[in-house]
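Here's a quick briefing to read alongside the model. Keep the viewer open and follow along topic by topic.

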Amino acid sequence: MNVERNLILAFESSCDETSVAVIENGEKILSNIVATQIKSHQRFGGVVPEVASRHHIEQITDCIDLAMSEASVTYDDLSAVAVTYGPGLVGALLIGVTAAKTVAYAHDLPLIPVNHMAGHIYAARYVKPIEFPALALLVSGGHTELVYLAEPGQFEIIGETRDDAAGEAYDKIGRVLGINYPAGKEVDRLAHLGKDTFNFPRAMDDSESFDFSFSGLKSAFINTVHHADQIGETLSREDLAASFQQAVVDVLADKTIRALDAYPVKQLILAGGVAANQGLRERLDSELKAFENVDFIKAPLKLCGDNAAMIGAFGYVGYQLKQFGDMTLNADPSLEFDWIASKQN
């Protein structure tokens with residue numbers, strides 16, 4: 001039995017990674033080129049939008065050439081072009097959208113607009129097929145959400161952060177600890193060397209809502225460090241990191257477990273940049289032992305950060321559902337999941 005070979009050229013440029021990938025049938029990575037800008041932004045303590053946009057302009061053409069070459073394909077082999085069009089930094093998004101539209105127009109290929117957050121969730125597709133209904137804990141630099149997936153291409157946010165996302169909080173407390181941006185990996189490392197001795201607040205942990213809040217935790221951490229500095233007290237960086245991370249993990253895990261009780265699903269998907277956090281992975285591994293009928297899928301570590309392979313994974317779903325865009329497609333920096341759900345109807 002011959003299976004159609006669907007090849008999608010995917011683009012991701014929502015923040016500080018320029019990435020182009022070639023994906024086969026939504027499940028096989030033929031190439032995934034990622035040009036990171038981390039070193040350029042470290043001296044500023046975070047991403048500078050104008051700097052990010054300039055780097056995307058410099059890198060995008062080379063990334064396309066490398067992705068096509070590594071995958072050993074030509075434009076005639078492609079089935080479609082997929083691109084992140086939001087959410088993200090508007091200038092950065094525009095580079096990827098413009099490049100994708102140019103390729104689609106020049107080679108008469110369908111154009112598939114992809115929500116960046118849907119891409120993060122579908123990175124799990126490279127571990128195993130997603131079974132519906134499913135629940136996703138999506139934890140990244142700018143987003144912390146619990147998302148219910150009833151079927152392919154449909155997303156319902158059942159819980160989200162009301163202020164700082166978990167990833168943002170990591171970067172902000174990282175600066176206080178003297179850790180370069182991005183701080184998540186180093187805070188995670190330090191946390192495994194310390195103990196939860198500060199008992200920082202677990203905001204909204206007792207609330208019936210599935211929403212999150214990390215602003216109070218961030219403020220409590222910063223105030224603790226500043227007070228110690230004022231009185232000349234030296235605090236353990238390891239214990240500070242462990243106490244902060246334990247507070248984050250407790251809230252994320254508790255809300256997720258309660259969501260699994262309220263929404264019977266076949267799979268729990270952990271995705272987003274903070275999904276690489278070992279403390280969070282270990283906690284959910286332990287908690288999920290009580291849910292024998294729920295398969296726990298963690299996005300591959302190398303695909304937790306921004307990359308085009310995840311965009312191609314969801315792009316394949318968009319192709320199957322005929323969720324095509326046209327040459328009027330524009331960047332939408334505040335994009336939410338509503339677009340995807342409405343296109344299903």
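Ala 10 stands opposite Ala 21 in β2, one spot in the antiparallel pairing of β1 and β2, which runs over six bridges. This is a predicted model, so take what follows as a reading of a prediction.

**Strand β1 and its partners**

- β1 and β2 make a hairpin, with four residues between them.
- β1 also has β4 as a partner: the two run parallel and are joined by four bridges. In that pairing, Ile 8 sits opposite Ala 80 of β4.
- How many of the six residues of β1 (residues 7-12) are buried? Six of the six are, so the strand is largely enclosed by the rest of the structure.
- Side chains in a regular strand alternate between the two faces of the sheet. In β1, Leu 7, Leu 9 and Phe 11 point one way, Ile 8, Ala 10 and Glu 12 point the other way, and all are buried.

**Ser 19, over in β2**

- Ser 19 belongs to strand β2 (residues 17-24). Its relative accessible area is 0%, and because buried means under 20%, Ser 19 counts as buried.
- Setting aside neighbours within four places in sequence, Ser 19 touches Ala 10, Phe 11 and Glu 12, then Asn 32, Ile 33 and Val 34, and also Asn 307 and Ala 308.
- Val 47 lies 28 residues from Ser 19 along the chain, and their C-alpha atoms are 17 Å apart.

**The five-stranded sheet**

- Five strands form an open sheet with mixed pairing, in the order β8-β7-β6-β9-β10.
- Which strands stand at the edges? They are β8 (156-160) and β10 (295-298); each has a single partner strand, so one side of each is left without a neighbour in the sheet.
- From one strand to the next, the twist averages 20°.
- β6 (residues 134-139) pairs with β9 (residues 267-271) in the parallel sense, over five bridges. Leu 135 faces Leu 268 in β9 there.
- Helix α8 (residues 237-262) packs on this sheet, where it touches β6, β7 (144-149), β8 and β9. The direction of α8 makes about 165° with that of β6.
- Helix α9 (residues 278-287) packs on the sheet too, touching β6, β9 and β10. The direction of α9 makes about 170° with that of β10.

**Two helix pairs**

- The axes of α2 (residues 49-71) and α3 (residues 90-106) come within 8 Å and cross at roughly 20°. That angle makes α2 roughly parallel to α3, and the crossing is right-handed.
- On the α2 side the contact uses Ser 53, His 56, Ile 57 and Ile 60, while α3 brings Gly 91, Ala 92, Ile 95 and Ala 99. Sorted by class, that's five nonpolar, three polar and no charged residues.
- α7 (residues 215-230) and α8 pack at about 165°, with axes 11 Å apart. This makes α7 roughly antiparallel to α8, and α7 passes α8 in a right-handed crossing.
- Here Leu 217, Phe 221, Thr 224 and Val 225 of α7 meet Leu 240, Phe 244, Ala 247 and Val 248 of α8. The class tally for this contact is seven nonpolar, one polar and no charged residues.

- As background, most peptide bonds are trans, and most residues other than glycine have a negative phi.
- Gly 86 and Pro 87 are joined by a cis peptide bond, with omega about -10°. Pro 87 is in the loop between β4 (80-86) and α3.
- Phe 132 and Pro 133 are joined by a cis peptide bond as well, with omega about 0°. Pro 133 sits in the loop between α4 (116-122) and β6.
- Asn 25 isn't a glycine, yet its phi is positive, at about 55°. It lies in the loop between β2 and β3 (28-36). Buried or exposed? Asn 25 is buried, with a relative accessible area of 16%.
- Asn 199 also has a positive phi, near 50°. Its place is the loop between α6 (184-191) and α7, and at 58% relative accessibility Asn 199 counts as exposed.

Technical notes
Residues are numbered from 1 along each chain as its sequence is written. This is a predicted model: local features need pLDDT of at least 70, side-chain atom pairs count only at pLDDT 80 or more; totals for chains, interfaces and linings use all residues. Side-chain values use heavy atoms; hydrogens and water are left out. Axes are lines fitted to C-alpha atoms, for helices over the stretch in contact, and angles run from 0 to 180 degrees between N-to-C directions. Angles under 35 degrees count as roughly parallel, over 145 as roughly antiparallel, 65 to 115 as roughly perpendicular and the rest as oblique. A crossing is left-handed if the near helix is turned anticlockwise from the far one by less than a right angle, and right-handed if clockwise. Contact means heavy atoms within 4.5 Å. Ala, Val, Leu, Ile, Met, Phe, Trp, Tyr, Cys and Pro count as nonpolar, Asp, Glu, Lys and Arg as charged, and the others, Gly among them, as polar. Two strands pair if DSSP finds at least two bridges between them. Buried means under 20% relative accessible area, exposed over 50%, partly exposed in between (1.4 Å probe, protein chains only).
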